Amino acid sequence: MAESETPLGQRAPARSDVASLVGYHSPQVDVDVRLNTNEAAEPPPPGFMSDLRQALAGMDLNRYPDRGADRLRAALGDRYGLDPDWVFCANGSNEVLQSTLLAYGGAGRSAAVFEPTYAMHSQIARITGTRLVRSTRRSDFSLHRDLLAETVEAEQPDVLFLCSPNNPTGMLDPDGLVQSALDLLEPHGGLLVVDEAYGQFAPTSAVSLLGEDQSLVVSRTFSKTWAMAGLRLGYLLGPPWCLSELEKVVLPYHLDSIKQEAGILALVYGGEMEARVQAVIAERERLTSALGELPVTVWPSQANFVLFRPETMSGTQAWQGLLDRSVLVRDFSSVAGLKDCLRVTIGTESEDDRFLVALREVLL
Ligand SMILES: *Cc1c(COP(=O)(O)O)cnc(C)c1O
């Protein structure tokens, strides 16, 4: 039957809040230089790939995976000096955050975000039927205790999201902000979620504030530092009473055997990964100062990307100019508070040079 002849009444309607949603998209375009999704520029170390191949050869794929991901959780816990029951693993930190809102958000509950920030926090709130409380940061993108206090007093959110370093601004929350958020939430019983997807690039972390009687969890991922975006593995650190609720909302055997093994093997290469983080930081500083020579506003970043705003044309025009030169960055031009802003991921030295040459051509 032709499309136009299908009576609309026969089409089952989706949940109305889902039907009105716009999906989360980062364009996947075929270009020479891909600097739009904050992936690692280099593949995982060669030794890791051969270890993984060897592990694959001996894997019983006819069997369900280890349901509790016990070895992986123990290996991750070791890294932070935590017992395995302080670690929850999922398919990327996005699934970690979704599991958190399935357990702690949902109908009749609310989650607070401070924009501009990582858009998936709001998206996952909507998908899980969690009422969204949106507060706006100052125009310099900083987040202050006053705004936290105002939001918590007015809305008493069940979940409060912080993101440090923040995506897409690259800014680290000031010292003491996580503790302030905990103190503010305590009388109301809300859960504080600190998204540290870029935590390895930054000098401070909320992990040191974790405690048995704190309503604090910290999410991290293998997608950025660990060069494993394709494997989809993220984790949450937090007290066992909290994480055990998350274990109830995930599907049975959600974490496949290959991913579990890959995560365990990746941790063996911790030293190599740390060296890469230092190299990315050095390259970030080089890119930031090179951008300073061009007609753009640059926000100093503590992550593996840099936010900037062209001064001589619109963000979308500059984005298109870069794309015409086969360089893809992320366009935030139409996002509230980020007018004309673009975000570039730190690539290899030669990728970054191509980006800089292309941007100079576009802007000058
Ligand atoms: C990239 C990113 C994530 C999620 O990544 P996964 O690939 O799902 O682990 C989470 N939070 C922030 C802030 C990110 O930028």
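Let's start with the open sheet: seven strands, with mixed pairing, in the order E2-E8-E7-E6-E5-E3-E4. Strands here are DSSP runs of E with at least two residues, helices are runs of H or I with at least four, and both are numbered from the N terminus; two strands pair if DSSP finds at least two bridges between them. Strand E2 (87-90) and strand E4 (131-136) sit at the edges with a single partner strand each, so one side of each has no neighbour in the sheet. This is a predicted model, where local features need pLDDT of at least 70 and side-chain atom pairs pLDDT 80 or more, while totals for chains, interfaces and linings use all residues. Residues are numbered from 1 along each chain as its sequence is written, and side-chain values use heavy atoms, leaving out hydrogens and water.

Look inside the sheet next. Strand E6 (residues 191-195) pairs with strand E7 (residues 216-221) in the parallel sense, over four bridges. Asp-195 stands opposite Ser-219 in E7.

Now zoom out. The protein divides into domain 1 (3-43 + 271-363) and domain 2 (46-269), with bounds from an automatic or database domain assignment. How many residues of domain 1 are in contact with domain 2? There are 33, and they meet 28 residues of domain 2, contact being heavy atoms within 4.5 Å. On the side of domain 1 that touches domain 2, the largest share, eight residues, comes from H10.
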